[in-house]
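User: I have a chain open here and would like to go through it with you, piece by piece. Could you start once it is on screen?

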Amino acid sequence: MTRVTPFSSPLLLGFDAIEKTLERVAKSGDGYPPYNIERLAGGESGDRLRITLAVAGFCEADLEVTLEDSELVVRGRQNDDTERQFLHRGIAARQFQRVFVLADGMRVTGAELKNGLLAIDLDRPEPDRLVRKINISVKD
């Protein structure tokens, strides 16, 4: 049985990478850490977004935010403190990696850690409209 995908139309050319990215994102089911994505008002032109991740217990040195091609990757690593003796351990020193796939033209404008929340700001300025005429050659 052949699987029909949204990009299987013969009129959509060169979208193979997007289809693979969508499949990879669909498989990542871990819900940690929880996050919000909000649209910010007041943009001069284009979209302004903010991703906020709940990273209580992580300090700046434990967090890493990188942009790899079109993927925004947020990693958190806490070192387990072996000097402390716990009677009950309900807060785990858990590592995580959260990946957000960004559309073409999206830019990361900054990141801020405050009160256990990591806020990452993004924007997408309006692209310049590009129209290019393609010359047609005639061969006899």
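User: How many bridges join strand 3 to strand 4, and do they run parallel or antiparallel?

Analyst: Strand 3 (residues 63-68) and strand 4 (residues 71-76) run antiparallel and are joined by six bridges. Strands here are DSSP runs of E with at least two residues, helices are runs of H or I with at least four, and both are numbered from the N terminus; two strands count as paired if DSSP finds at least two bridges between them. Please keep in mind that this is a predicted model, in which local features need pLDDT of at least 70 and side-chain atom pairs count only at pLDDT 80 or more, while totals for chains, interfaces and linings use all residues. Residues are numbered from 1 along each chain as its sequence is written, and side-chain values use heavy atoms, with hydrogens and water left out.

User: Switching to confidence, which elements have the lowest and the highest mean pLDDT?

Analyst: pLDDT is the predictor's confidence in each residue, from 0 to 100. Among the elements of the protein chain, the lowest mean belongs to helix 1 (residues 16-27), at 70, and the highest to strand 6 (residues 107-114), at 96. For the protein chain the mean is 84, and 89% of its residues reach 70 or more.

User: Where is G57, and is it buried or exposed?

Analyst: G57 is in the loop between strand 2 (47-54) and strand 3, and it is exposed, with a relative accessible area of 62%; buried means under 20%, exposed over 50%, and partly exposed in between, using a 1.4 Å probe and protein chains only. Leaving aside neighbours within four places in sequence, G57 is in contact (heavy atoms within 4.5 Å) with D62 and Q78. G57 and Q78 are 21 residues apart in sequence, with 8.5 Å from C-alpha to C-alpha.

User: How many aromatic pairs are there?

Analyst: Three, where rings of Phe, Tyr and Trp (its six-membered ring) pair if their centres lie within 6.5 Å, and planes under 30 degrees apart count as stacked, over 60 as edge-to-face and the rest as tilted. One of them is the edge-to-face pair of Y32 and F96, at 5.9 Å centre to centre and 85° between the planes. Y32 lies in the loop between helix 1 and strand 1 (35-39) and F96 in strand 5, so this pair ties together parts 64 residues apart in sequence.

User: Which residues do ring pairs link into a cluster?

Analyst: Y32, F58 and F96 are linked into a cluster by ring pairs.
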